[in-house]
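Today I opened my notebook to look up the pockets of a protein.

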Amino acid sequence: MGEVILLDYWSSPFGMRVRIALAEKNVEYEEREENLNNKSPLLSKMNPVHKQIPVLIHEGKPVCESMIIVQYIDEVWAHKAPLLPSDPYERANARFWVDYIDKKIYNIGKLVWASEGEVQEAAKRELVMCFKLLETELGNNRFFGGENLNIVDIALIPFYSWFYALETCGNFSLVEECPHLVAWAKRCMERGSVSKSLPDQFKVYTHLLELRKQHLAELKG
């Protein structure tokens, strides 16, 4: 299917999505780690609009934005492990929840680990509410795709790498607040495609702690 290159950064939950999708499809690819403080000319060339990772380069042509890339992977390597439901209504519903995750989890989660005081408390309450809503959608299913991993699982599971940082910085327990979601995350981690694509939570916590210190120092001027 031609050369596949992924421009990525190790701690990016958006890059993790693409790594999981490629692993689910058994696609061989070359991963190139970007320095986000000194972005490569290739990244600027392949994503001239946003200059952000991840970027999938397939046969020399770039595809940008994580969930657009995941859907592209699903369409190009359609012979294995479909990531979107075949039923039009179920497919639309899956896309709705992917959009919900994209609009909520990163920005609210970042406020939990990067802020303090009332801003952090409000973000923590909202994040738990979002996770509980996702628990309701999951129901008694093994995955959001039923018995199989699907695009909603891929959109959400990278944020499991944030869980320790969220709990530690926010001083709360996700196991107590959202036990079914934590159980779902652990089931996802039993899959090689997920476990090999997500970094260690403690390593992510150390990284986010540095970003938190920088952010709070900037706010205090």
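From which domains does the lining of the largest pocket draw at least three residues each? I found two: domain 1 (4-77) and domain 2 (88-215). A note to myself before going on: this is a predicted model.

**Entry 1, the largest pocket.** I looked up the volume and got about 1,100 Å³ of space. The lining has 32 residues, and I wrote down those closest to the centre of this pocket: S12, F14, L36, Y106 and K110.

Next I asked which helices supply the lining. α1 (13-24), α3 (66-76), α4 (88-114) and α11 (201-220) each give at least two residues to the largest pocket. The largest share comes from α11, with seven residues.

Then I sorted the lining of the largest pocket by class. I noted 14 nonpolar, 11 polar and seven charged residues.

How much volume does the second largest pocket have? I read off about 300 Å³. This pocket is lined by 19 residues, and P85, E90, F144, G145 and N150 are the closest to its centre.

Which helix gives the largest share of this second lining? I found that α4 does, with five residues. I was pleased to meet α4 again, as this helix also supplies at least two residues of the lining of the largest pocket.

By class, the lining of the second largest pocket divides into 10 nonpolar, seven polar and two charged residues.

Technical notes: Residues are numbered from 1 along each chain as its sequence is written. This is a predicted model: local features need pLDDT of at least 70, side-chain atom pairs count only at pLDDT 80 or more; totals for chains, interfaces and linings use all residues. Side-chain values use heavy atoms; hydrogens and water are left out. On a 1 Å grid over the protein atoms alone, a cavity is a set of points where a 1.4 Å probe fits but cannot get out, and a pocket is an open set with protein on both sides within 12 Å along at least five of seven lines; lining residues have an atom within 4 Å of a point. Grid points are joined across faces, edges and corners, and a volume is the space filled by probe spheres set on the points. Helices (H or I, at least four residues) and strands (E, at least two) are DSSP runs, numbered from the N terminus. Ala, Val, Leu, Ile, Met, Phe, Trp, Tyr, Cys and Pro count as nonpolar, Asp, Glu, Lys and Arg as charged, and the others, Gly among them, as polar. Domain bounds come from an automatic or database domain assignment.
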